[in-house]
Amino acid sequence: MSIGTSQAEQDILARLASDDPDEARGAAFEAGDMELASAVDLLVRHIQSENLGVQEAAENALRRIRGAAAVAAVAPLLRSEDAPVRNSAMDILREIGSDDIKILAALLHDDDPDIRIFAADILGTSNSPVAVSILCEALEHDPEVNVRYQVCISLGSLGSADAAPALSGALRDEEWVQFAAVEALAKIRAESCVDILISALQDCSELVASTIINALGEMGNVRAVPILLQRLDTSSGPLRNTIVKAIVQILGAPSLGLFAPKELATFRSYLLVALTDEDEEIVQAALTGLSGLGDVEATRAVLRLAGRLDPMREHDLLLSALHCLTAIGYNEGLREGLASGDEQIVRAAVEVCGNVGCRRCAGLLVEAFDTLDRDMRRAAAHHLSRIGDKSDVSFFMELLENADDPHIIKEALHFLGVQTSCVNSSPLLLRCIEHPYDDVKEAALEACLALHDDEVNARLTGMAHDADPVRRMMAVYSMGRINAGDYLSSLEEALEDPVPDIRKVALEAIGGLCGEDPKRFELLAPRLSDESREVRLGLVELAGEVVTPESTDLLAKALDDSDDWVRIRAVESLGRRRVAKVLPELVHMLEDGELLVTLKIIEALGAIGGKTAFRALLSLTGHEDPDVQRAVAEAIAHIREEQGEDF
């Protein structure tokens, strides 16, 4: 060691010995950085400091220094009467104890059982093969049950199959130890552990058997299944449900169908019983099993379960029940559920019919429709509008003729127009254009357009000169949807409509043509002076989507708009396109003073880059607003990354 280093050590040790907390804390950090073994004793003293900062620094330093000396120095603190000191020592030794296993092994023979428990706990985190044999010996010979319990836990943490024989012996110990041994064997997961657990099932208490069965289920080894099946008929109800859960965990729903017919019927009956268990995990497993083995009886049982679940408190279990019923599919149980009169069962049956989506389920919903309450009719109509087919056209036409519920009317419109394009329903669809509710009108318009019928299209576009502005707007929207190019003159006329919303719809319709013919922007340019901010904003957003010289020119002009958001959208688009010619205007706009506009301009300057942008950004580095400062720093960093540091 050099003289300089020795002097540094002496300085650190001197400051560690100081009563000044700041001095001691700083020295502890330095001792850790240098991994200074000579500081161990002083650091151990500071673990017992009343100053939390000093204590924390000392703990961190010892973790970095490590070594046998550190283990030996910290170990005595396990005897401290001060619980926080004892806990700190435990935490440190869990991390560094492997540096001297012999010290920990010696503690396993201490007269104080608490010390032996601490030592067993620490050895469980050592990740050392040597620790396994030491702990196994303690498991066989320690007289204290709590020590043996902790040894089992630690052997499970180490996860070595070498511990299996000792853990096997522990399965003949007191129940408290048996539980820990089962948990440890489950964590190790070796084949030998499976054999040990299966063998232990023969002569253990029912409580321990339940723990073993749960462990076998978690381990997922198929070799346990035959033994578990054999125990089904001879086990009590609660234990049998635990076995059912384990078998489902091991095999999964698809493989359950491989049972022999007699086993299949028996297991299905046990699954149905397990649905009534108080343990939610068992019920979940039963639902999983029935999703692969379910029949009409299963559908009835799961619907009864769904009927008694609290939708808020037991939401996940209810979802599992619905998934199970969906997997089982159509059967008469669903018909019975729809007719049950129980609100929750009916709701579940309607949902499942929609999820299954087959023709027969659609038929069940049609058949039960008139018996349902308002909410369930809405749900049924929603499902039918998506799973129905042309055989349901008459049903939906009758709904549209007679229903007064806007929700159901919209579902019928969707089915007849979007789903099936039923031209014969056009008179009913057109009639709904006059509905008093705007959302129904919109649904009717979409349905009419989905028919792709010339006569219907003519009716829609023919409203372009109607006195009602809503009808005019629907006509203009229809022109854009059908083929804006065929109605260009009418759309140009609509750009001058007194209603701003109609002008905006016309703008959007013509905008759809600008990608093919950028010259169309000439038709839209006058809207930059439109009195409506929404129209101007719509034009700028449209220009931002279509990258052409014409749209770029339009965006540049929009920088002079009186509305902040119009200017912001123009700035964003020009920045993305890196349009250098607008840099002078952007720099001038920085004098505006509006924070959001300023931030967007800074972002655009960073994207465009160049010396002009760089100089403008430099002038803002001293801005009083921290948000502006951060934005400027990011923009400058981007320019330097893209264009280099020299300009």
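These notes walk through selected helices, loops, core residues and salt bridges of a predicted model.

1. Several residues of H30 are buried, namely Arg471, Arg472, Met474, Ala475, Val476, Ser478 and Met479. The cover over these buried residues includes helix H28 (438-450) and helix H29 (454-461), together with helix H31 (488-494) and helix H32 (500-511).

2. The largest nonpolar core holds 235 residues, and the members that touch the most others are Leu43, Leu167, Leu228, Phe267, Leu413 and Leu586. Helix H16 (residues 237-256) supplies the largest share of this core, with 9 residues. As background, nonpolar side chains tend to be buried together in soluble globular proteins.

3. Ser421, in the loop between helix H26 (406-419) and H27, has a phi near 50 degrees, a positive value in a residue other than glycine; with a relative accessible area of 32%, Ser421 is partly exposed. His452, in the loop between H28 and H29, likewise is not a glycine and has a positive phi of about 55 degrees, and its relative accessibility of 67% makes His452 exposed.

4. Ser426 belongs to helix H27 (residues 426-432), and at 13% relative accessibility Ser426 falls under the 20% limit and therefore counts as buried. Not counting residues up to four places away in sequence, Ser426 touches Leu451 and Val456.

5. The salt bridges come to a count of 47. One of them joins the side chains of Arg64 and Asp33 at 2.5 Å, N to O, and this pair links distant parts of the chain, with Arg64 in helix H4 (residues 52-65) and Asp33 in helix H2 (residues 21-34), 31 residues apart. Arg64 is partly exposed, its relative accessible area being 44%.

6. In another salt bridge, the side chains of Arg378 and Asp405 meet at 2.8 Å, N to O. Arg378 lies in helix H24 (residues 374-387), whereas Asp405 lies in the loop between helix H25 (393-402) and H26, so the pair ties together parts that are 27 residues apart in sequence. Arg378 is partly exposed at 23% relative accessibility, while Asp405, with a relative accessible area of 11%, is buried.

7. Lys410 and Asp439 also form a salt bridge, in which the closest N and O atoms are 2.9 Å apart; Lys410 sits in helix H26 and Asp439 in helix H28, 29 residues apart, and the pair thus links distant parts of the chain. Both residues are partly exposed, Lys410 at 24% relative accessibility and Asp439 with a relative accessible area of 34%.

8. Glu496, Arg503, Arg527 and Asp530 are linked in a network of salt bridges.

Definitions and conventions. Residues are numbered from 1 along each chain as its sequence is written. This is a predicted model: local features need pLDDT of at least 70, side-chain atom pairs count only at pLDDT 80 or more; totals for chains, interfaces and linings use all residues. Side-chain values use heavy atoms; hydrogens and water are left out. Buried means under 20% relative accessible area, exposed over 50%, partly exposed in between (1.4 Å probe, protein chains only). Helices (H or I, at least four residues) and strands (E, at least two) are DSSP runs, numbered from the N terminus. Contact means heavy atoms within 4.5 Å. A nonpolar core is a set of buried Ala, Val, Leu, Ile, Met, Phe, Trp, Tyr and Cys residues joined through side-chain atoms within 4.5 Å. A salt bridge is a side-chain nitrogen of Lys or Arg within 4 Å of a carboxyl oxygen of Asp or Glu.
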